[in-house]
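The points below move from one residue to the whole protein.

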Amino acid sequence: MRPQGTSHIEAVRQGHQSEGLRRFGAAFPPARCLTITFRGRRKNLDLVARSAEEAQHWARGLDKLRVRLEAMSQWERLDHWIHFYLHRADSNQDSKMSFKEIKSLLCMVNVDVNDMYAYRLFKACDQSNDERLEGGEIEEFVRQLLKRPELEELFCQFSGEDRVLSTSELLEFLKAQGETGATLAHARQLIQTYELHETAKRHELMTLDGFMMYLLSPEGAALDPAHALVFQDMGQPLTHYFISSSHNTYLTDSQIGGLSSTEAYIRAFSQGCRCVELDCWEGPGGEPVIYHGHTLTSKILFRDVVQAVHDHAFERSPYPVILSLENHCGLEQQAVMAHHLRTILGDQLVTEVLGTQDPQELPSPEHLKGRVLVKGKKLPGSWGEDSRPVSDREEEEEEDGEAVGPAQHRAPSQAGPQAGQISPELSALAVYCCATRLQTLQPGPGPAQPCQVSSLSERKARKLLREAGNSFVRHNTRQLTRVYPLGLRVNSANYSPQEMWNVGCQLGVLWASPAGSGAAILRAFCSAPEGQQGGGAVALNFQTPGYEMDLNTGRFLVNGRCGYVLKPLCLRQPDTAFDPGRPGPPNTTLTIQPCPSPQVLSAQQLPKLNTEKPGSIVDPLVRVEIHGVPEDCAQQETSHVLNNGFNPRWGQTLQFLLRAPELALVRFVVEDYDTASPNDFVGQFTLPLSSLKQGYRHIHLLAKDGAPLSPATLFIHVCAQHS
């Protein structure tokens, strides 16, 4: 397995730890079985070894290789990448490169250069003058090919004539970057970390190679490395956070005929999802099942999903998980659900109010570490006179034009056969997340009801934010609100979660990326389909990649990817005057520009899109998008560069005026320009503006399914000025 494939491995599980092996692997001892899970949309790979020892060798070997690859620097990844293509271009595998093979190499790495220039570079490296490059000659050709003129110019600007950076010169560069708190000690530490040449390192000097290593490292990336860890206050009430949430988590594809799978929940948790949905229906043998009711989607057992929650919910993040129950079961099977939740989850399950908790607000993620909350209907009795429990989808049944106002009580026969039939056992588990109809955005005269959670369709939520933006924001400082995609999106298409974040909705639900798991044996084994999904933050369909999922991933990229992101202060204050429809005048100017000196906005090692046509080269352009309050949403793009995906350069400035920068996400997109049809997607990266570092930065691009496109990068200069 080559490094490019191994880098997509997410985990190696031993034993019967997948649906495929649990269903079809009973004939094989667990000690001989292992499952490889992948990032992105790739299916799981179930393997059966000839012996337990062989399975152990595979598991340990793959884990070591995965850890080693994750520890590789960008420079080492680039070296692996270019040598992989060198091996492919060496048609007769003689470890020598003819000019024809060099031309093939250039095409493979996505660059179309003039034959005369290519031959001149070839001859300059052909020291033996035999029309073949080998050994050190190939290394020199690669080094010339990978030269970064824009970085060399930048390096010379600070290093002077001696072509090395002293600690004081490096400190000068760091200050120009806007690195707050940079010191000589920090400059020395960077030299010791990134300098490749021992002699320079001993003399506390940084060469061009070390400078490139630094700028290609996480410390030189666009994302603030401090924000890659949990850096926010996790002691505030749950209502003060955006929470990564998934809609129809069990599905692997469409809502009409897709497969349901426990693997979908495992994938959601691995992506940091903290709120998952369980669509519960009556099942045979007294066992509730989960599927998309009244459709052809397959069914999985409720107890198997709860077991997956127990086993995997806290592998990626220690912060609380919310199980959003959409309950269509009768009283007997509701009692079975409650039994499974209590017995399988044990101490993980929150079954009563925390003793030290302020009744006026919800507990914090910190107080609920390692705990599971149930969101569901509650029996009348503890409710106020004007409150009543509802199903999660009751909002969807309302007329589109119906305003939020006094409750419109319907007869049980109109609401369905399960209306009002809630088992005491299941009702008791809805402690902090009690499903209620949203009757009004104004707080009632009685005590606060922080435990009430309203579920709204995207249509209803949009109506509220248009007609009562500030009231909606204030409501979301007090209570949790869950927004889910319209049921009409049968292909699991998503809505943009940004507009819901703008009013402080915590639980925006997304569909997850379709993926699955096949089965294979080192020798021979049947394959079994499975699926995987992830979570979002204002409920989206994680099955479907696209810019909506990119925004969701970007929002939860920070704070250690723990699934909780603290909302801006304007969305947490109970008496806030903020209204996303009227955010006030611009107060921030964001400039993505050719670096002031040298003039450059560049890309490196973009992937080839049409691998079936060896001569096909991308014509890349860069688009920068701002997603925030409506008046901040904008996009600008560069012109395209013809036939160069290897090292294209643009000399254009992109500038944006922002009114609510604390809510803005910045999405960098690279596309392959096409005159006759829509542009093809190449790669993207999305992050909060508040986590975007200023100065000279590399952006490490991601594929459509979220997998890394290493070593593909953008190199930009960022300047954000606040008035």
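1. A residue counts as buried when its relative accessible area is under 20%. The model discussed here is a predicted one. T638, at 4% relative accessibility, is therefore classed as buried.

2. As to its setting, T638 lies in the loop that runs between strands β23 (634–637) and β24 (649–650). The side chain of T638 makes a polar contact of 3.3 Å with the side chain of W650. With residues up to four places away in sequence left out, T638 touches L601, L621, V622, W650, Q652 and L654.

3. The largest nonpolar core comprises 60 residues, and L590 and F668 have the most contacts inside it. Strand β29 (residues 708–722) contributes the most to this core, namely six residues. A further core, of 30 residues, lies apart from it; Y250, V305, C329 and V372 are among its members.

4. The surroundings of L590 deserve a separate entry. Neighbours within four places in sequence aside, L590 is in contact with I626, L654, Q655, F656, L658, V666, L689, L692, V718, C719 and A720.

5. For the protein as a whole, 21 helices and 29 strands are assigned. Of its 723 residues, 57% count as buried. Among contacts between residues at least 6 apart in sequence, 72% join residues at least 24 apart.

6. Finally, the surface: the accessible area of the protein comes to about 29,600 Å², and carbon and sulfur atoms account for 52% of it.

Terms used. Residues are numbered from 1 along each chain as its sequence is written. This is a predicted model: local features need pLDDT of at least 70, side-chain atom pairs count only at pLDDT 80 or more; totals for chains, interfaces and linings use all residues. Side-chain values use heavy atoms; hydrogens and water are left out. A nonpolar core is a set of buried Ala, Val, Leu, Ile, Met, Phe, Trp, Tyr and Cys residues joined through side-chain atoms within 4.5 Å. Buried means under 20% relative accessible area, exposed over 50%, partly exposed in between (1.4 Å probe, protein chains only). Helices (H or I, at least four residues) and strands (E, at least two) are DSSP runs, numbered from the N terminus. Contact means heavy atoms within 4.5 Å. A polar contact is a pair of N or O atoms within 3.5 Å; within protein, one must be able to donate a hydrogen and the other to accept it, and residues adjacent in sequence count only if both atoms are side-chain atoms. Accessible areas come from the Shrake-Rupley method with a 1.4 Å probe; for residues, only the protein chains shown count as cover.
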